[in-house]
Amino acid sequence: MDEFINTTINGLSSGAIYALGAVGLSLVYGILKLVNFAHGDFMTLGGYVAFAINVSAGAPLWVAIVGAIAAIAVLGLVSEATIWRPMRRKGAGVMQLLLLSIGLAFVIRNLILFQWGGQPRSLDVDNLQSWNLFGDVQISAIQLTVIVTGVVVILIVALMLKTTLIGKTMRALSDSFDLAEVSGVNTRRVVTYTWLLAGSLAGLAGVLAAIYTTLTPNTGFLLLLSIFAAVVLGGIGDAYGALLGGFALGLIQEWSTNVVEPTYKEAIGFLVLIVILLVRPNGFFGRAKTV
């Protein structure tokens, strides 16, 4: 039982990171039908911005978190203004946008490699502090920080999508962009808010990933496949489903280490994903859509 609880804590930690990354990715896809392969590298850049502020400049961690969130939110706006909006005006198809996002991912990754090199980096956090809850169950300060931060932000985002006007408008655009536009919705403003939210969540997820693990130029890329799996598990384009899918995938992967080697936990997570999709092809909250 102690081992199960310890792996549950690990699963909640990784699940919080997956969920934060997945909800931003899901919102962008739901509204713009853009499969943004650069999302993982947005996260990586957020981690390195935090590193520059926290380690290189010596600022407190909370300042680094705010700086990373702001920087990646601005990056999302810049990419929308310079890449995605012009391409939509030109009638670019799904494949062109997909290739552009892959190219943007490589550009960001190589710029990170050029600026900071390829060696692993760590933020200025206490890696040793932990508390014994009972028996052999322990939780580290890092795990507590990641879980609490992730859960609080996720609850705020869920409430924002559920209760605020901009949140309801985002969900309306996700259901039907064209119908929302002819109904008088200022779609350009909503798209701007979407990129701000998606970029902010990506920046925060990148910082939490840097806190929880070591930071390398490939950190976000390695997390991206699991984040995509969380999006699919929750239902493509459904923000609430992405939140649930992120935590579910994190828990499944970590629980599997109780019976198999940790090396195989990603494979077990995707095996369970396949089984769930065989039962619910559109994910937890997904709806059948015609493409």
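Analyst: N132 is found in strand 1; helices (H or I, at least four residues) and strands (E, at least two) are DSSP runs, numbered from the N terminus. The structure is a predicted model, in which local features need pLDDT of at least 70 and side-chain atom pairs count only at pLDDT 80 or more, while totals for chains, interfaces and linings use all residues. Residues are numbered from 1 along each chain as its sequence is written, and side-chain values use heavy atoms, with hydrogens and water left out.

At 46% relative accessibility, N132 counts as partly exposed; buried means under 20% relative accessible area, exposed means over 50%, and partly exposed lies in between (1.4 Å probe, protein chains only). Leaving aside neighbours within four places in sequence, N132 is in contact with V137 and Q138, where contact means heavy atoms within 4.5 Å.

The loop between helix 4 (94–116) and strand 1 (130–134) holds L123. With a relative accessible area of 5%, L123 is buried. Beyond four places in sequence, L123 is in contact with G47, A50, F51, N54, V55, L61, V207, A210 and I211.

Not counting residues up to four places away in sequence, F51 touches S56, W116, R121, S122, L123 and L215. The C-alpha atoms of F51 and F134 lie 34 Å apart in space, and the two residues are 83 apart in sequence.

L123 also has a place in the largest nonpolar core, a set of 75 residues in which L20, F42, L123, W195 and I211 touch the most other members. A nonpolar core is a set of buried Ala, Val, Leu, Ile, Met, Phe, Trp, Tyr and Cys residues joined through side-chain atoms within 4.5 Å. Helix 8 (residues 187–212) supplies the largest share of this core, namely 14 residues. F42 touches N36, I72, L75, G76, S79, L104, I108, W195 and A202, with residues up to four places away in sequence not counted.

Helix 8 also contains T194, which is buried with a relative accessible area of 1%. Outside its sequence neighbours up to four places away, T194 touches L27, V28, I31 and M170.

We turn now to the helix pairs. Two packed helices are described by the angle between their axes and the distance between the axes. The axes are lines fitted to C-alpha atoms, for helices over the stretch in contact, and the angles run from 0 to 180 degrees between N-to-C directions.

Helix 2 (residues 39–56) packs on helix 9 (residues 219–234) at an angle of about 135°, with the axes 7 Å apart. That makes helix 2 oblique to helix 9: angles under 35 degrees count as roughly parallel, over 145 as roughly antiparallel, 65 to 115 as roughly perpendicular, and the rest as oblique. The crossing of helix 2 and helix 9 is right-handed; a crossing is left-handed if the near helix is turned anticlockwise from the far one by less than a right angle, and right-handed if clockwise. H39, G40, M43 and T44 in helix 2 meet T219, G220, F221, L223, L224 and I227 in helix 9. The contact of helix 2 with helix 9 comprises five nonpolar, five polar and no charged residues. In these classes, Ala, Val, Leu, Ile, Met, Phe, Trp, Tyr, Cys and Pro count as nonpolar, Asp, Glu, Lys and Arg as charged, and the others, Gly among them, as polar.

Helix 9 also meets helix 1 (residues 2–32), where the axes come within 8 Å and cross at roughly 65°. Helix 1 and helix 9 are therefore roughly perpendicular to each other, and their crossing is right-handed. I17, Y18, G21, A22, L25 and S26 in helix 1 meet L223, S226, I227, F228, A230 and V231 in helix 9. This contact divides into nine nonpolar, three polar and no charged residues.

Helix 1 packs with helix 10 (residues 239–256) at an angle of about 150°, and their axes are 6 Å apart. That makes helix 1 roughly antiparallel to helix 10. The residues of the contact of helix 1 with helix 10 are 15 nonpolar, ten polar and one charged.

The loop between helix 1 and helix 2 contains K33. K33 has a positive phi of about 55° although it is not a glycine, and K33 is partly exposed, with a relative accessible area of 36%.
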